[in-house]
Amino acid sequence: FDIIFFWVARMMMMGLNFMDEGPFRDVYIHAIVRDEKGAKMSKSKGNVIDPLVLVDQYGADALRFTLAAMAAQGRDIKLATNRVEGYRNFATKIWNAARFAEMNGCARVAGFDPAQVKLPLNRWILSEAATAAEGIAAGIPSFKFNEAAGAAYRFVWNQFCDWYLELAKPVLQGEGVDPAEKAETQATVAHVIDLICQLLHPFMPFLTEELWAQKAGEGAARVLSAGDASLVCLTRWPDLAALKDEAAEAEIGFVVDLISDIRSVRSEVNVPAGTQAPLVLVNASAATRATVEAWAPMIERLARVSAITFEAASPAQSAQIIVRGEVAALRAQVQQRRGPGGGRPHAGAVPGARPGGAAGRPGGRRRPGGAAPGAPAGHRPPPAAAGPAGGGGRRGRASGSNGSGRPRAAHCR
């Protein structure tokens, strides 16, 4: 860092002396990039990581996003190949989502106005896109690149790929669906994919330009309020503040938190994956009751719940969960089990269940990296600042303009 300071000071003095103006307005000095064990890279130690080799193996976008996601202020970057591989899997996830949209007829519609969508699920994902755009726009100018990359990562992987597409499957693929609701969802998916290209472009320029070009011929022509639609880099940063919707976030956010917390509790009390346990909502408010009743089939399928009931008190032999101020309880199943030595059967609760235990987190906040629908068993998406440790995507390069091809995945998991 001492050498960098003197170099910058010399350039400043030379610019003021000869040009009567400073050569820079801002100087960003990032942390030292070390090896995965925190040691300085040295040819004599043999721990040098060649960035050109990483680009050839995983793509330039994966390496670029890795460095941005790990660029926390005041902390050195411990670079490892498995972190780059994890963000390559993130790029693969985007390609899978685009393929899923194509297979389900999601294309741009002429005259589509995102501010006029009616389904709560579609309003929710547009509201989350507005929140992500706000976080990215705030992080980049303040040189908090890790926070900006984290906002983009959470929106694309967790909210769009894992939750929105999973919750939208009954509308996109179900029978007897209202044609107007299906058409609105298809148009919303196509619109959000275009937004993803714009939001991710500062971190993954090759992938987003390639995806933007391939999606150009699907549906109606892009209509932008400003900028050139031929390239992502020529478009203006999207202004999505008007799409924020607190009501939609309260409804869909509660469903997402409830399913996530039920899964966490099932894991903590060692409920077998194939076992379905009944869910009880205790003294639920009218709004919560309406939300749960509307999304009951999805909650039962994704959280493996056998039935949902509403009661005034928590049942005995249950694990309690606090979700956004509401109390839910997983009732323990009573099974007939053989006694020691194969003796007489006796009644017993699910092994590991903690009767009446408060397993939820105050406020119902989601655990970072929690399992989401479509993720492989045991998969935890990497936190943005710490980088991934390898992920759940298929292997294959994801950058388009640096010589790598698209993966052969046919759907978004």
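This report looks at salt bridges, a surface patch and a cavity in one predicted model.

## Ground rules

The model is predicted, so local features need pLDDT of at least 70, side-chain atom pairs count only at pLDDT 80 or more, and totals for chains, interfaces and linings use all residues. Residues are numbered from 1 along each chain as its sequence is written, and side-chain values use heavy atoms, with hydrogens and water left out.

## Salt bridges across the chain

The structure holds 13 salt bridges. A salt bridge here is a side-chain nitrogen of Lys or Arg within 4 Å of a carboxyl oxygen of Asp or Glu. One of them joins Asp76 to Arg34, with the closest N and O atoms 2.6 Å apart. This pair links distant parts of the chain, 42 residues apart: Asp76 is in the loop between α3 (60–69) and β2 (77–78), and Arg34 is in strand β1. Helices (H or I, at least four residues) and strands (E, at least two) are DSSP runs, numbered from the N terminus. Arg34 is buried, with a relative accessible area of 17%. Asp76 is partly exposed, at 30%. Buried means under 20% relative accessible area, exposed means over 50%, and partly exposed lies in between (1.4 Å probe, protein chains only).

Glu166 and Arg301 form another salt bridge, and their closest N and O atoms are 3.4 Å apart. This pair also links distant parts of the chain: Glu166 sits in helix α6 (residues 145–173), Arg301 sits in helix α11 (residues 296–303), and 135 residues separate them. Glu166 is buried, at 8% relative accessible area. Arg301 counts as partly exposed, at 45%.

## Helix α10

Glu293 and Arg289 are separated by about one helical turn, because they are four residues apart in helix α10. Glu293 is partly exposed, at 47% relative accessible area. Arg289 is partly exposed too, at 39%.

Ala287 also lies in helix α10 (residues 286–294). Ala287 counts as exposed, because its relative accessibility is 55%. Ala287 and Ala250 are 37 residues apart in sequence, yet 9.7 Å apart in space, C-alpha to C-alpha.

## A cavity and its lining

Rolling a probe the size of a water molecule over the atoms shows where empty space is left. A cavity is a set of points, on a 1 Å grid over the protein atoms alone, where a 1.4 Å probe fits but cannot get out; lining residues have an atom within 4 Å of a point. Grid points are joined across faces, edges and corners, and a volume is the space filled by probe spheres set on the points. The count comes to four cavities of 30 Å³ or more.

The second largest cavity has a volume of about 60 Å³. Its lining includes Ala101, Cys106, Arg108, Asp194 and Lys215. Helix α7 (residues 179–200) gives the most to this lining, with three residues. By class, the lining has five nonpolar, no polar and four charged residues. Arg108 and Asp194 also belong to a network of salt bridges with Arg222.

## A nonpolar patch

Ile4, Val27 and Ile29 make a nonpolar surface patch of about 230 Å². Patch residues have over 30% relative accessible area and no salt bridge; nonpolar side chains are joined within 5 Å, like charges within 9 Å. Ile29 is in the loop between α1 (2–18) and β1 (33–34). At 41% relative accessibility, Ile29 counts as partly exposed.

Terms used. Areas by Shrake-Rupley, 256 points an atom, 1.4 Å probe, with all protein chains shown as cover. 1 Å grid on protein atoms, 1.4 Å probe; cavity = no way out; pocket = protein on both sides within 12 Å on 5 of 7 lines; lining within 4 Å. Nonpolar A, V, L, I, M, F, W, Y, C, P; charged D, E, K, R; others polar.
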